[in-house]
Amino acid sequence: MSATVLVVPVPVVLAGARGHGRWHLANLRRLERAGRIRVAGLCELTPLTAEEYGAEPPVQSADFGDLLDRTGARVAVVCTPIPTHTDLALTAARRGVHLLLEKPPAPSFAEFRRMADGVAEAGVACQIGFQSLGSDAVPAIRDLVAEGAVGEVTGIGGAGAWVRDEAYFRRSPWAGRRRLDDGTDVVDGALTNPLAHAVATALVLGGATRDQDVAAVETELHRANDIEADDTSCVRVTAPTGLRITVAATLCAERAAEPYVLVHGTRGRITFWYKQDRVLVQRAGHGPEEYEHGRTDLLENLLDHLAHGTGLLVEPDATGAFMRVVEAIRRAPDPRPLPETAWQRIAAEGRRTVPGVDALVESAAGTLSLYSELGAPWAAEEVSHR
């Protein structure tokens, strides 16, 4: 007669349950219903109501350390303002609490290293919330490249044309900021936050994951909105091998489009729409081949790591190359405001758009060029090199 194995739900707390945190809260409730976790507590400056939570909320506290101590949490999900990530991660690590830390992991490379080194020293597991890297499409594309499906890889492009209204930049005191009034770094730009997945995914498919995989970074940062940070930008990373990775992004698109990453090869190309886990392979001698892949939830992967030793999909050091890009953007000159002739305001939608930017973003990804090299009349005359 075989013994019954009792599976005890893992106690998990969530720091930041509003805004994007609502997605994490819904995911936690899903895993709780499945019996994998128990939502042990919530950390918010203003406690969630029963209506917001959908039931009587668990233990709540505005003090993250206090919440961890009171709940005995084993895992913490941190989805708070970017400048708070490092300190909250270390607060959990010092208590032996494992982490799912929302992207971007930190606003500067120094803060990233302080977090990653502290987590490693504490011996806790940490997963960075680049959910696109949980897509089964990522290893599938790597296999295609290794098999020579599109020949030799000549570069990686990334494109993100999104629409965000002016209210988006007023959603919180740190939204659209490069730094707070006290000098604290935020770096909430198009490439580092809303379209950070495009950058991270392009880097991974280009084989650039750790910080030493980046030889140089060129940036062009612009803004149509009345903000500090960039909303229309491009970046080109050069790897030590000479491979170029160019990502173009805007939050001022004429029409919202699905962001994608493009693998350029000598005999074809692979397009990956990472939010849809959809892959299109176009290569010489073959018709177009399209595939849809599954996806591993990053919190479930963390739980599997703790229970069975499954490898983490997005460890901190695997985002070192991304943080080199964040650092280059942080150190670059402040984004240039676009001339009023370069953008239009759509009053009915409360947003600003840059005519022609959709095609420009697509062309940058397709040619691995920067906006200035594509002849955009408003593009920076001098590229920032880091």
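Reader: What should I know before I start?

Author: This is a predicted model, where local features need pLDDT of at least 70, side-chain atom pairs count only at pLDDT 80 or more, and totals for chains, interfaces and linings use all residues. Residues are numbered from 1 along each chain as its sequence is written, and side-chain values use heavy atoms, with hydrogens and water left out.

Reader: How do I read empty space?

Author: Rolling a probe the size of a water molecule over the atoms shows where empty space is left. The search runs on a 1 Å grid over the protein atoms alone. A cavity is a set of points where a 1.4 Å probe fits but cannot get out. A pocket is an open set with protein on both sides within 12 Å along at least five of seven lines. Lining residues have an atom within 4 Å of a point. Grid points are joined across faces, edges and corners, and a volume is the space filled by probe spheres set on the points.

Reader: How much space lies in the largest pocket, and which residues lie nearest its centre?

Author: The largest pocket holds about 1300 Å³ of space. Its lining has 43 residues. Nearest the centre are Gly19, His20, Gly21, Cys79 and Glu102.

Reader: Which helices supply the lining of the largest pocket?

Author: Helices (H or I, at least four residues) and strands (E, at least two) are DSSP runs, numbered from the N terminus. Here α1 (21-33), α4 (85-94) and α8 (298-308) each supply at least two residues. The most come from α1, with four residues.

Reader: Where is His20 found, and what does His20 touch?

Author: His20 is in the loop between β1 (10-15) and α1. Leaving out residues up to four places away in sequence, His20 touches Cys79 and Glu102. His20 and Glu102 are 82 residues apart along the chain, yet their C-alpha atoms are separated by 9.6 Å.

Reader: How do I read a nonpolar core?

Author: It is a set of buried Ala, Val, Leu, Ile, Met, Phe, Trp, Tyr and Cys residues joined through side-chain atoms within 4.5 Å. The largest core here has 101 residues, and Phe64, Leu203 and Phe322 touch the most other members. Helix α7 (residues 196-205) gives the largest share of this core, eight residues. A second, separate core has 23 residues, including Leu280 and Val357.

Reader: What is Phe64 in contact with?

Author: Set aside neighbours within four places in sequence. Among its contacts are Val13, Ala15, Cys43 and Leu88.

Reader: How do I read aromatic pairs?

Author: Rings of Phe, Tyr and Trp (its six-membered ring) pair if their centres lie within 6.5 Å. Planes under 30 degrees apart count as stacked, over 60 as edge-to-face, and the rest as tilted. The whole structure has five aromatic pairs. One of them is Tyr168 with Phe169: edge-to-face, 5.1 Å centre to centre, 80° between the planes. Tyr168 and Phe169 are both buried. Another is Tyr260 with Trp273: tilted, 6.5 Å centre to centre, 55° between the planes.

Reader: Why does the pair of Tyr260 and Trp273 tie together parts that are 13 residues apart in sequence?

Author: Tyr260 lies in strand β11 (residues 260-265), and Trp273 lies in strand β12 (residues 268-273), so the pair links those parts. Tyr260 and Trp273 are both buried.

Reader: Which charged end sits over the ring of Tyr168?

Author: A charge sits over a ring if NZ of Lys or CZ of Arg is within 6 Å of the ring centre and within 35 degrees of the ring normal. Over Tyr168 sits the charged end of Arg164, 5.4 Å from the ring centre. Arg171 lies over the face of Trp174, at 5.1 Å from the ring centre.

Conventions: Buried < 20%, exposed > 50% of the residue type's maximum accessible area, 1.4 Å probe, protein only. Contact = heavy atoms within 4.5 Å.
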